[in-house]
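Trainee: I would like to learn how to read a model like this one. Could you walk me through it?

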Amino acid sequence: MAVKRINLALQGGGAHGAFTWGVLDRLLSEDDLHISAISGTSAGTLNGAALKAGMIEGGRQGARDRLDWLWAEVGARPDLNIPAWMSPFSLSNVSQALEYSWPVMAADAWSRAVSPYAYGPFYRNPLRDIVEQFDFGAVNDQGDKGPCLFICATRVRNGKVRVFKDSEISTDAILASACLPTIFQAVEIEDAETGMTEAFWDGGYTGNPALFPLFKPALPDDIVVININPLERTELPRSAQAIQNRINEISFNSSLLRELRAIEFVQRLLTQGTLSTDQKNRVLVHMIADDALMNELSVATKLVPTAYTLARLKEAGQKAADEFLTHHKKDLNVRSSVDLVEMFQ
């Protein structure tokens with residue numbers, strides 16, 4: 001059986017990262033797919049760390065079990081959640097109901113008016129209790145039993161992307177990657193790159209996720225981007241919530257689009273013969289997404305992870321991955337299944 005080696009690029013997007021959970025669950029069921037490396041941001045970091053730890057602990061099934069554990073923890077946290085009383089409704093109905101519910105609207109207004117530093121000694125990051133349960137011996141493992149893992153955060157001081165890898169990955173590094181500054185206090189880490197104690201915010205601002213760590217010669221040419229922030233919305237946002245949501249999506253997609261544009265430029269030079277493959281890799285780009293579903297959702301379902309919405313998003317991710325494998329598995333290690341020229345016309 002010929003094994004197809006791939007890299008994964010996992011976007012951040014709050015609780016919508018449960019879509020990625022479903023994608024990964026489906027990909028892990030394919031015995032002839034080998035995940036060589038993962039670059040993740042925010043929710044993508046959580047997914048990547050859970051997958052790697054589970055892979056080290058128990059192979060493919062261990063990775064699937066660890067991902068199930070992660071999202072069960074997220075869905076069960078009372079300080080991240082509200083009761084899933086909306087389960088009889090469709091996912092888009094739930095998203096709309098949440099968006100205009102008074103608790104969500106009040107929390108949104110509060111986060112814009114009150115700094116997370118205003119809580120003083122009462123502040124706590126609700127994700128910390130989850131992340132501290134990871135086996136960092138497995139997450140940091142540099143052997144060949146699990147994928148290489150790169151996680152992205154934004155250095156507040158200079159606005160540059162910081163990619164943590166190997167033994168640098170810790171509870172604080174993962175929390176930094178998922179640190180939305182209007183909700184969480186910046187995470188301060190002794191940064192080996194600068195020799196300073198640096199404050200970090202969510203990696204989505206500078207690398208959602210960063211692709212450049214995946215360009216190493218030892219890694220495969222194929223990068224499968226699991227995209228949870230829709231690239232396009234055909235409807236003009238008109239409400240305050242919809243406008244803010246689209247601003248966030250554009251902001252969190254901008255770094256990814258810049259890297260994809262750079263890849264397209266380099267691939268064009270390789271095709272023209274201006275560059276040789278001795279100088280640059282021929283990167284093969286693939287994408288798994290469900291923009292139609294994500295167009296029906298809003299920032300509310302990113303921030304309020306009810307067990308119902310997480311389960312529906314997992315199912316949607318499994319379905320999207322299944323469709324990708326049906327139509328494009330044959331393209332892996334052969335050609336890109338994303339037309340970057342058309343994307344940037």
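Mentor: Let's begin with burial: buried residues make up 53% of the 345 residues in the protein chain. Buried means under 20% relative accessible area, exposed means over 50%, and partly exposed lies in between, with a 1.4 Å probe and protein chains only. A word on the source: this is a predicted model, where local features need pLDDT of at least 70, side-chain atom pairs count only at pLDDT 80 or more, and totals for chains, interfaces and linings use all residues. Residues are numbered from 1 along each chain as its sequence is written, and side-chain values use heavy atoms, with hydrogens and water left out.

Trainee: How many helices and strands are there in the protein chain?

Mentor: Helices (H or I, at least four residues) and strands (E, at least two) are DSSP runs, numbered from the N terminus. Here the protein chain has 12 helices and 8 strands.

Trainee: What span does helix H11 reach from its first C-alpha to its last?

Mentor: The expected span of a helix is 1.5 Å times one less than its number of residues. Helix H11, residues 307–328, has 22 residues and reaches 31 Å, close to the expected 32 Å. Its buried residues include Leu310, Leu313, Ala316 and Leu325.

Trainee: Why does Ala316 count as buried?

Mentor: Because its relative accessible area is 14%, Ala316 is buried. For its surroundings we use contact, which means heavy atoms within 4.5 Å. Not counting residues up to four places away in sequence, Ala316 touches Phe19, Asp290 and Leu293. The C-alpha atoms of Ala316 and Val23 are separated by 8.2 Å, although these two are 293 residues apart along the chain. Phe19 and Val23 are both among the buried residues of H1, a helix in which 11 of its 11 residues are buried.

Trainee: Which residues does Glu30 contact, leaving aside its neighbours within four places in sequence?

Mentor: Those are Arg60, Leu325 and Lys329. Glu30 sits in the loop between helix H1 (17–27) and strand E2 (33–41). Glu30 counts as buried because its relative accessibility is 15%.

Trainee: Now for strands: in what sense do E5 and E6 pair?

Mentor: Two strands pair if DSSP finds at least two bridges between them. E5 and E6 pair in the antiparallel sense over 5 bridges, and the bridge partner of Asp191 in E6 is Met196. Their hairpin has 4 residues between the strands, and Gly195 takes a positive phi near 70° there. Strand E5 (residues 187–191) has a covered face of Val187, Ile189 and Asp191, while Glu188 and Glu190 form the uncovered one.

Trainee: Finally, which residues make the nonpolar surface patch of about 230 Å²?

Mentor: Val156, Trp201 and Tyr205 make that patch. Of these, Tyr205 is found in the loop between strand E6 (196–202) and strand E7 (222–226), and is partly exposed, with a relative accessible area of 32%.

Definitions and conventions:
Patch = residues over 30% accessible without salt bridge, like charges linked within 9 Å, V, L, I, M, F, W, Y side chains within 5 Å. Areas by Shrake-Rupley, 256 points an atom, 1.4 Å probe, with all protein chains shown as cover. Salt bridge = Lys/Arg side-chain N within 4 Å of Asp/Glu carboxyl O.
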